[in-house]
Amino acid sequence: MKKKPVVAEGQGDLFAGMPSPAAEDARDDKANPGAVSALREPEELPPANGLATGSAPATPSPHLDDSAALMTVLEQWTQRGWLRALDLAFVGFLDRLRPEADPRLLVAAALASHQLGHGHVCLDLGATLDSPDFALSLPPEGDTGRGPTPLPSDVLAGLDVDGWRAALAGSPLVEQVDGTHLIASNDPALADRPLVLLGHRLYLRRYWRYERRVGDALRARLTLPATPPPDLADSMGALFPRSLAATAEESRTDWQKLACALAARGAFSIITGGPGTGKTTTVIRLLALLQRPAVEAGQPLRIRLAAPTGKAAARLSTSIGEQVSRLDVADDVRAAIPTDVTTLHRLLGNRPDSRHFRHHAGHLLPLDVLVIDEASMVDLEMMAAVLDALPLHARLILLGDKDQLASVEAGAVLGDLCRDAEAGRYSDATRQWLEAVSGDPVQDPQLLPGTDDDYPLAQQTVMLRLSRRFGEGSGIGRLARDVNAADADAAQATLEALSRQPGSDTRHIELERAGAKALETLVLDGYPTGTSYDGGAPQGAFEGNAPMAQGSRHNDESPPSAQGSGYDPRSAPSAQGYGHYLDVLRRERPPASTGPDDPAWAAWASAVLAAFDTFQLLCAVRKGDYGVERLNARIETALAARGGIDPRQAWYEGRPVLVTRNDYGLGLMNGDVGIALMLPEAQTLNGAPRESRLRVAFPRNDGSGALRFVLPSRLGAIETVYAMTVHKAQGSEFAHTALILPEALNPVLTKELIYTGITRAKTRFTLIEPRRGVFRDAVGRRVKRLSGLVMHLSQGDEGEAS
C-alpha cells in the first residue's frame with residue numbers, strides 16, 4: 001500500500017514542498033546508506049566487512065594500500081562535511097611527523113579525532129569494526145551529497161581488531177599502556193607521542209591526560225577521612241522535620257535527608273535525580289548544615305555556586321534566592337549562604353582565545369565548598385580543569401540528572417560517575433551510619449548490596465527518587481519514567497493512551513497520518529485544554545484549517561490516571577504556539593506617547609519574553625527536513641504569511657535569537673534567548689520627534705528579573721531560535737514543549753535525548769513523528785559514550801603516560 005505523503009495537497013505553508021517519507025525511501029537508500037543502517041540496532045547490523053557471519057573474509061580495502069590513497073578519501077569526507085577540518089589537519093600533522101606511517105594508524109587517528117566531535121573520549125576499535133557507519137554516525141544526518149564517496153565500512157573492509165591494534169601498537173606515534181602501567185618504547189625523543197592505546201581504545205593524548213587527572217583527583221578525595229559536622233543528627237532533624245514528608249511512603253526513606261548526610265561527611269559527593277526531585281532544596285539545606293557550625297565558630301565557609309551555562313546559572317540563582325529566604329535558620333547563617341551563581345568559565349577565570357584558566361593547580365580557587373549544578377552538562381576537559389584548581393580540603397558537590405543528555409563536548413562525566421546510583425551499592429557500614437544519623441531506614445526495591453572496596457564512589461552518591469513536579473497523575477511524568485527505563489513497548493503504549501485522553505497533558509502527532517497542517521497549527525497556535533489527538537484524524541483543536549481559538553472551554557472528563565491523585569490537567573493553561581508571543585507583542589505594546597524611560601517598555605519586553613517561553617519546538621538534529629535549520633526557516637515563512645513578522649531584513653521585530661557563545665562584555669551567556677523589539681529613542685536636542693530602534697531584550701543572568709537591551713549590531717554569535725536542539729535546551733524549561741524527531745533512526749536518537757526533551761516541559765508536551773516507529777526505536781537505545789573514566793577511578797595512580 002502506498003504511504004500517505006507527509007504534505008497533503010493544499011496544506012499550509014510550513015512544510016509546503018517537503019518530500020514524503022515514501023518518496024524519500026528510494027533516495028535515502030542510494031544517497032545516504034548510513035541512514036538506512038541506522039534503522040537497526042548495532043547488534044543487528046552486518047559485520048564491518050559487509051558479509052554475513054560465516055562468509056569468506058572481505059577483500060582488504062584498497063584505500064589502506066598507502067597514505068596517499070587514504071588521504072584522498074579523508075579529503076573527500078572533509079569536503080562532504082563527514083569529517084571536520086580539524087580531523088584532517090590532525091592526520092596531516094601525523095603524516096608529516098612520520099611520512100612512513102601505516103595508513104591503518106592514520107585512519108584510526110582521523111576517526112579518534114572525529115569521535116571527539118561526537119562526544120566520545122576515545123575510539124573503540126572493536127565497536128567501530130562491528131558496525132563502522134553506525135558507530136561513526138557517517139554519513140551524517142541530512143547529508144544530501146552525491147558521488148562515489150567511500151563509506152567507512154568500505155575503507156575499513158578486511159580489517160580485524162587484532163591486526164588493527166597490532167599496527168597501532170607498533171607505531172612510534174602511539175604510546176601503549178596497560179591499565180595504568182606504561183609498556184612503551186624507551187626512546188626519550190618520543191616521550192610525547194600524540195596517541196595513547198589502552199586495550200582496544202585509542203585516545204588523543206590530551207584526552208587521556210584529562211581522564212587520568214579526573215580519575216586521580218576524585219580517587220584522592222574519596223580516600224580522605226570523613227569529616228561530618230558536629231551534632232549532625234540533631235541538625236538534620238531540625239532541617240528535615242517529619243512534617244515535610246508529604247506521604248507515608250516518603251516518610252519511610254527521605255532521600256533528600258540521606259543525600260544531605262552523605263554530602264556532609266565527605267570531600268566529594270554526588271546528588272542525582274530527575275526533575276522535581278528536590279536537588280536544589282537538598283543542597284540549600286546541606287549548605288545550612290555545613291555553614292552553621294562555621295558561622296558559630298566565627299569562620300564562615302567560603303562557598304561558591306556554579307553551573308556550566310549562563311542560563312543554568314540564572315535559573316539556579318533564582319531558585320536558590322527564593323529558597324534561602326524561606327530557610328528556617330539563624331539570620332547570620334542565612335546571610336552566609338550565597339545566592340549568586342556563576343558559570344564555570346567565570347569561576348575559573350577564562351582567558352580569551354585560550355584553553356587555559358587563571359585558576360589551576362598552581363593557583364588554586366579560594367574556597368571551601370563548591371557546588372556545581374547541571375553537572376551532566378560538564379565535559380571531561382572542564383571537569384579536569386575544575387579539579388585541578390580545587391584545593392584538596394574543599395568539598396565538591398555535583399548536582400544533576402544522570403539520565404539527561406551528556407555534555408556537548410567529549411565525555412559523559414556524571415553518567416560515568418553515577419553508574420551505580422540506582423542500585424545504591426551501599427556497604428553495611430555506610431547503610432548503618434546513614435540510618436544512625438538520619439533516623440530513616442535505607443530501603444528501596446532497586447537497592448543492591450555493595451562494599452567500600454568494590455564501590456567506593458557509590459558510598460558518596462545518592463539518587464533522589466521522588467518527583468514532586470510529575471505526580472502519579474501526570475502524563476508527562478508517566479511518559480518520562482517509561483522512556484527513562486528504556487521500555488520501548490511501555491513508552492509507546494503510554495504515549496498512545498495519553499494522546500487519546502481528553503484533557504491529557506501529552507500529545508502525539510504522526511505526520512504520515514495527520515499531514516503537515518497539524519504541525520503548522522501546533523507550532524503557530526498550539527491547542528486548548530480539553531482536546532485530544534490520537535495521531536491520526538484531527539480532533540478538537542486540529543479540526544479544519546482555521547487558526548486556533550484561544551480560551552477554549554475545558555473538557556469535563558479528566559484522564560483516568562489522574563482521578564483521585566490530586567492532579568487536574570484541566571487546571572493547566574492552554575498549550576500555546578508561537579502566535580501567542582506575537583499576539584502579546586502587538587496587544588500589550590505601550591502607547592506611542594509613552595516616554596522612552598517609562599518602565600512600561602521594560603514591562604512589555606518582559607511580557608513578550610515570558611510569552612515566548614510558553615512554547616518551544618525542540619529538534620533532535622540540526623540538518624535535514626526535520627532539523628533546526630530548515631524548521632527555523634519554515635516557521636519564519638509561515639509566521640510571515642500570517643502577517644505576524646516581516647523577515648525581509650535579517651533583523652525584524654519579534655525575531656527570537658539564541659546566543660551560541662559567551663560574551664562577557666555584554667553579559668550574555670551561551671544559551672541565552674532574546675527577542676528583537678522596536679523601542680523608542682530619547683527625544684533629540686532640537687525637539688524632533690522620537691524615533692524607534694530595534695534592540696534585543698535579554699533577561700539578565702542574575703535572577704533579578706531585570707532585562708538588558710542590546711543593539712543587534714553588537715551581537716555576533718547568535719541564531720534564530722523558533723526551533724532549537726535538545727542539547728541547547730538543557731537547563732531550560734518551557735510551559736509547552738514539542739519534540740520533533742527525524743524520519744529515520746540515527747545514532748543521536750536515544751532514550752536520553754527523548755527523556756531530556758520530555759522533561760523540558762512543565763505543563764504540556766507534544767511528540768511529533770514524521771513516521772511511526774522512530775520514537776519506539778529511539779527509546780530502546782541508550783547513549784554509550786566511550787571513555788575509560790570508571791577504570792581510572794578503580795586503578796592506582798602510578799605510571800601515568802607522559
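This is a predicted model: local features need pLDDT of at least 70, side-chain atom pairs count only at pLDDT 80 or more; totals for chains, interfaces and linings use all residues.
**Entry 1: a tyrosine pair in α10**

I began at helix α10 (residues 205-222), where Y207 and Y210 sit three residues apart, about one turn of the helix. Helices here are DSSP runs of H or I with at least four residues, strands are runs of E with at least two, and both are numbered from the N terminus. Residues are numbered from 1 along each chain as its sequence is written, and side-chain values use heavy atoms, with hydrogens and water left out.

I then checked burial, and both Y207 and Y210 are buried. Buried means under 20% relative accessible area, exposed means over 50%, and partly exposed is in between, with a 1.4 Å probe and protein chains only.

How are the rings of Y207 and Y210 placed? Their centres are 5.1 Å apart and their planes stand at 85 degrees, so I logged the pair as edge-to-face. The rule takes rings of Phe, Tyr and Trp (its six-membered ring) with centres within 6.5 Å; planes under 30 degrees apart are stacked, over 60 edge-to-face, and the rest tilted. By that rule I have nine aromatic pairs.

**Entry 2: a pair across the chain**

Next I looked up Y578 and Y722, which also form an edge-to-face pair, at 5.5 Å centre to centre and 70 degrees between the planes. This pair links distant parts of the chain, 144 residues apart. Y578 is in the loop between α24 (516-525) and α25 (579-587), and Y722 is in the loop between β18 (718-720) and β19. Y578 has a relative accessible area of 0%, so I put it down as buried. Y722 is buried too, at 0% relative accessibility. Ring pairs join Y578, Y581, F612, F615 and Y722 into a cluster.

**Entry 3: the annotated binding site**

I turned to the UniProt record, an unreviewed entry, which places a "binding site" at G273, G274, P275, G276, T277, G278, K279 and T280. UniProt positions follow the numbering used here, feature names are shortened, and annotations may be inferred rather than shown by experiment.

G274 lies in the loop between β6 (268-273) and α14 (279-296), and K279 is found in helix α14. Is G274 buried or exposed? G274 is buried, with a relative accessible area of 15%. K279 counts as buried at 15% relative accessibility.

For contacts (heavy atoms within 4.5 Å), I left aside neighbours within four places in sequence. On that basis G274 touches K279, D401 and Y755. The partners of K279 include I271, T272, L399 and L464. The side chain of K279 also reaches the backbone oxygen of G273 at 2.9 Å.

**Entry 4: a five-stranded sheet**

Last, I traced an open sheet with the order β12-β21-β20-β13-β19 and parallel pairing. Two strands pair if DSSP finds at least two bridges between them. The edge strands are β12 (506-510) and β19 (723-725), each pairing on one side only. From one strand to the next, the twist averages 25 degrees. Axes are lines fitted to C-alpha atoms, for helices over the stretch in contact, and angles run from 0 to 180 degrees between N-to-C directions.

Five bridges join β12 to β21 (residues 761-769), and E510 has E769 as its bridge partner in β21. Helix α22 (residues 488-500) packs on the sheet and touches β12 and β21, its direction making about 100 degrees with that of β12.

Notes. A polar contact is a pair of N or O atoms within 3.5 Å; within protein, one must be able to donate a hydrogen and the other to accept it, and residues adjacent in sequence count only if both atoms are side-chain atoms.
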